[in-house]
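Hi everyone, thanks for coming.

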Amino acid sequence: MKKDKLKIGIYELTGCAGDALLILDCEDELINIFHAADIRSFLMAKSDNIDGELDVALVEGSVSTERDLQELLDIRKRSKVLVAIGLCATAGGNQAAFLDPREWEDNLKKVYGRTEMTHTKPLQSKPLNAYVKVDHYLPGCPIDREQFLSTLTRLLAGHPPELHRFPVCVECKWRENDCLLNRGILCLGPLTAAGCRAVCPSHNLPCVGCWGPAEEANYTAEYQLLMEKGFDREMILRKMSTFSGTAIADFAARIRGVKK
Amino acid sequence: MKTISISHLARVEGAGGVTATIDGQVVTDVKFIINEGPRLFERLTIGKTPEEDLNIVPRICAICTLSHRYAALRALEKALAIKEPPKVLLLRELMHLGEMIESHSLHVYLLALPDYLGYPNAIAMASKYGFEAKVGLEMKQFGNHIMKTLSGRFVHGENPILGGFGRFPTREELVFIKNRAVQFLPFALKTVQLMCELPYPEIPESDTLFVCCHPAAGQFGFMGDEVILSNGDLVDAQEYKKVTNEFIVSHSFCKRSQYDGKPYSVGALARINNLGERLEGEAGRAFKKYFNARWKKNPLFNNAAQALEILYSFERIPQVIEEALKMPDPEPVGWGRDTGKAVGAVEAPRGILFHAYDVSAGRIAHTDIVTPTAQNAEDIERYCFIAAQTLLKKGEEAKIRDRMDLVIRAFDPCISCSAHMVQVKQAPNEDWKTRLQELASGGETAFVGLGREDRSDDAAGLELARLLRDRGSKNVRLAEDLSEETAPAVGTRPLVFLDAVDFGEKPGKICLLPLRFVLWNTSLSHRLAALTGLPLDSEQLLGAHLLGIQPASIAEGGPISAEVREAMNEILEMLGN
Amino acid sequence: MRIVKLKKEYFHPFLDVISRQAELWAPVKKGDKHIFDRVEDFNRIEMKTTRTLLPPKKLLVPPAFNTFTFNAEGYQEDLSHVSSKILFGIHPCDIHGLLTLDKLFMHEYTDPYYVKARQKTLILGLSCWPDEYCFAKSTRTHIIDEGFDLFFTDLEDFFLVWVGSSQGDDLLRMKPDLFEETLSDSDIQRYIRWQTERDKAYRTEINFMAMPDLMELKYKAPFWEEAGRACLACGSCSMVCPTCNCYNVLDKLALGGKPGRRLRLWDSCTLVEYSEVAGGENFREHKADRLRLWYTHKLQAYVSKYGKPSCVGCGRCLVTCPVEINVRTISKALEGEDPKAFWYRLPSEVKP
């Protein structure tokens with residue numbers, strides 16, 4: 001291993017492993033990645049993993065247990081740059097959809113009953129930035145191969161990643177899809193960060209929001225628009241919160257508070 | 001006393017690890033721990049629409065994403081009386097074959113093979129075995145391509161929807177897949193040869209019960225409305241709890257007669273064992289050539305079974321596409337009703353997967369999802385235990401760690417099990433004390449003495465129970481005194497049996513073991529059949545432990561030996577505190 | 001200008017001849033809307049369309065394409081988006097849109113990617129009939145006398161074909177016996193009647209003459225803030241606009257000794273990143289400021305330079321913006337009328 005190669009670690013907290021799998025799906029590029037960087041740890045791809053100082057840590061998954069938290073704190077401590085990869089890490093993911101801590105606790109009890117977990121303590125799922133400083137975000141459920149490669153190559157070259165900061169609608173127009181919202185379909189494209197090439201609308205399906213909130217996600221306008229189209233309030237909030245993780249908590253509380 | 005722990009088994013739909021605890025000549029514990037945090041997926045679906053459920057549940061696992069979607073679709077369509085057009089069924093089969101090829105070729109070539117060839121990862125392996133790595137990669141890419149074409153993207157594609165697809169694949173896309181599948185056939189044959197002829201080690205070998213979907217019309221396949229067990233039983237998938245429950249029960253002594261008291265295995269090896277006779281063409285020929293009695297008891301053959309299924313999938317794809325091309329793209333299908341209850345079963349690459357839903361007025365009211373890895377977990381522990389115990393007995397302790405690795409990976413619990421961090425830790429002496437204390441933290445411990453009065457040290461369990469009772473402990477029973485009335489109250493935990501057990505150790509050695517481990521070890525379970533008659537709650541037995549003392553002699557009519565007496569005193573003293 | 005007559009039954013035979021020379025692109029159905037697509041089966045061509053989802057600019061500068069590849073030694077231009085194309089079915093407003101792009105990309109600073117694609121593209125215009133969203137008459141872009149090679153006016157049984165360039169003439173010469181050189185009086189009357197009727201069919205009118213002044217006079221009007229609050233910042237208005245031409249440039253690096261790529265992507269001044277500069281300063285942080293910029297460009301700035309608005313009245317922003325921010329509602333608001341737009345219905349109590 002040459003000394004000048006960047007030391008990189010890829011880690012998985014609680015999630016579906018989809019982002020690590022997507023990295024593995026880079027296939028022929030994977031060999032180039034292993035040549036270009038010193039991959040110190042990548043559980044899904046190799047068994048000779050080493051902990052230690054890192055230039056870049058890529059972390060997937062949400063913090064959902066005390067063990068996740070300790071691992072994340074440890075990774076942060078030994079990494080110069082920390083990149084949250086995938087929706088669970090950037091926004092909290094599906095599992096962060098229970099916004100109210102009491103609601104989460106009730107549901108936890110419903111699943112696990114009275115059983116006390118001995119191996120670790122469960123925590124309400126949160127994105128990485130709830131606990132540590134995150135330097136870059138690579139959203140997506142799961143992340144996109146092209147976006148990952150472009151982010152990684154830029155990091156290897158010493159540049160910050162350049163990701164789309166606009167919502168899905170831009171890419172949706174690029175693919176010349178008819179706007180589903182205008183057809184009365186509950187599409188979350190305007191609220192959702194681009195990067196997926198508008199895959200769902202391109203399959204005649206509404207965006208469900210799996211890239212997490214776009215930088216300027218206009219919840220108020222989208223909410224009002226959907227109300228005017230006849231959708232019910234809870235349906236709208238439920239859809240909005242499925243993939244937005246903790247980002248929608250304030251908005252949902254305000255809407256529910258205002259309308260009650 | 002030491003602990004061999006594979007603490008970062010990583011992915012088992014999350015992070016997982018395995019720990020084996022060794023006390024002298026006895027493996028006293030094997031724990032297959034899933035470190036995954038709570039994600040509450042079943043709860044997340046409550047109150048949501050069936051369409052929203054389909055957005056969420058595939059995210060349970062990236063590796064089986066399409067199987068989750070497929071199982072959910074089957075359940076929800078049944079619940080909502082949605083009649084799938086024949087073309088939709090064919091294209092779903094195609095997408096599922098894509099996932100099978102993707103998952104199996106990744107596992108066989110890139111995750112399992114490096115183990116057998118002695119490399120830390122596939123990239124290192126590629127330097128010497130470039131052809132194998134390349135074939136594996138290309139097959140996997142092809143599987144990905146099928147998944148992407150049908151589902152919209154590599155992972156978590158949303159295209160398969162209730163009653164059909166958001167976008168149907170074009171004729172050109174289907175013809176391309178068909179032609180590529182035909183081109184792959186020679187490589188699939190080579191894969192079978194390679195994986196079926198690997199020298200799989202003989203440890204661990206032990207019979208198990210295989211469970212998989214029972215495809216209709218005598219076909220091999222990856223879904224069905226019934227579940228077939230290797231003992232010949234057929235169960236309606238709607239009654240899946242009979243299978244999944246009986247598994248719990250089968251460990252719990254009470255009802256083990258049902259499945260011979262064994263955990264069960266799901267996955268490629270289960271399918272090949274239960275349905276291999278149905279394979280036709282090249283896959284059928286390969287099955288006849290390679291299948292033998294060892295496939296029935298050695299989990300490592302799952303790698304070979306996966307190779308057979310890769311071959312089957314490549315042979316099946318052209319047939320599916322030929323059929324599909326004859327049909328026009330169907331119109332979207334509406335709901336027949338908005339309230340209903342149903343179960344969908346499909347074979348994920350790593351085994352049978354159940355999704356059960358209760359839909360009420362268009363909203364999900366109840367969800368139950370049983371994943372293959374959850375079902376395999378007990379057998380994974382059992383085979384790890386057998387491997388560890390057998391190697392220990394043979395004086396090959398050094399091999400334990402790697403062998404457990406091999407076993408776990410063979411089950412293909414999920415992708416990252418290819419990689420792990422293995423640690424060997426020295427644990428303190430008299431670990432049974434610490435663990436007994438840990439148990440007691442879950443509530444007041446109930447003790448049940450076992451043994452035979454007239455057989456010297458074999459009376460130790462009974463004698464110990466009497467002594468405890470004499471000292472005023474309330475929760476102590478003798479096996480023969482147990483009746484419905486005197487059994488420890490339901491829900492009381494923990495439950496510890498006291499008995500003399502021949503561990504092959506020096507007399508007086510004390511070991512604390514999970515009760516079901518004793519069952520898995522034929523040399524230890526000489527007397528546990530008697531437990532089946534006890535009027536105990538099955539869940540209690542599942543979590544029960546055995547506190548055993550190594551006897552000096554169990555000859556008829558003798559007294560309890562001095563060594564065992566001393567051990568008994570040690571236990572009494574510890575419990576007195 | 002030379003005008004000939006083409007009977008309807010000769011239309012496909014004509015396409016058959018010319019499509020051997022170049023890729024034929026024409027409006028086809030996508031769902032119940034239309035798009036320009038490569039056509040080999042002429043029956044797919046939709047003759048009675050209004051606007052396509054995207055304007056024809058997508059064929060000259062695609063939404064996202066590679067401009068060049070590079071490595072340590074240098075760079076290599078990538079012109080793979082350039083091919084010989086015949087675009088059939090472009091309506092007058094969209095031809096005006098292309099003429100606007102020509103001004104921007106072909107004159108002062110020439111853009112090789114646009115110029116090379118434009119030079120290889122033949123424009124075969126087609127007459128159209130307005131719907132309630134068309135206002136090309138207000139922008140004076142409903143008729144066209146330049147910017148095409150051929151222009152087809154559909155008069156039910158036959159087309160009148162205007163020949164706009166020598167290249168257009170060459171196309172006719174490939175199969176001259178399909179065309180009739182002499183027009184009867186009744187043919188001519190038919191055309192005049194058709195044109196008069198069409199003129200009357202425009203239902204949406206906007207006073208573009210007043211817009212440059214109104215943009216200045218109403219620059220600080222409160223409706224901008226309100227529209228800004230409603231704006232989804234989704235960029236759709238720019239993507240579908242035939243004259244929006246801004247683009248972003250993104251460098252993609254590669255591993256394993258492979259060359260990097262410099263991508264060019266459609267951009268919009270309504271997007272947050274557009275006015276951000278190094279160091280993170282953003283000149284138009286608020287959406288209202290960005291909307292004002294967009295409309296300044298469409299309604300005012302272009303007028304002072306070229307004497308006409310850079311809006312061609314195609315109505316795409318009217319049918320595309322989900323929250324009703326478009327040339328019609330904004331111009332109404334500028335005129336002090338109530339445009340009955342979404343932004344006035346947006347409740348003020350929930351401000352994220």
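A quick definition to start: axes are lines fitted to C-alpha atoms, for helices over the stretch in contact, and angles run from 0 to 180 degrees between N-to-C directions. Contact here means that the C-beta atoms of two residues, placed from the backbone, lie within 7 Å. Helices (H or I, at least four residues) and strands (E, at least two) are DSSP runs, numbered from the N terminus.

Now, this is a predicted model, where local features need pLDDT of at least 70 and side-chain atom pairs count only at pLDDT 80 or more, while totals for chains, interfaces and linings use all residues. Residues are numbered from 1 along each chain as its sequence is written, and chains are lettered from A and ligands numbered from 1 in the order in which they are written.

Okay, chain B. Helix α14 (431-440) of chain B lies across β16, β17 and β18 of chain B, at about 40° to β17(B). Those strands sit in an open, mixed sheet of five, ordered β15-β14-β16-β18-β17 in chain B; strands count as paired if DSSP finds at least two bridges between them. β15 (476-478) and β17 (510-514) of chain B are at the edges with a single partner strand each, so one side of each has no neighbour in the sheet. From one strand to the next, the twist averages 25°.

How do β16 and β18 of chain B pair? They run parallel, over five bridges, and Ala500(B) stands opposite Ile549(B) in β18(B).

Last stop: chain C touches chain A, with 36 residues from chain C and 36 residues from chain A. On the chain C side, α9(C) gives the most, three residues.
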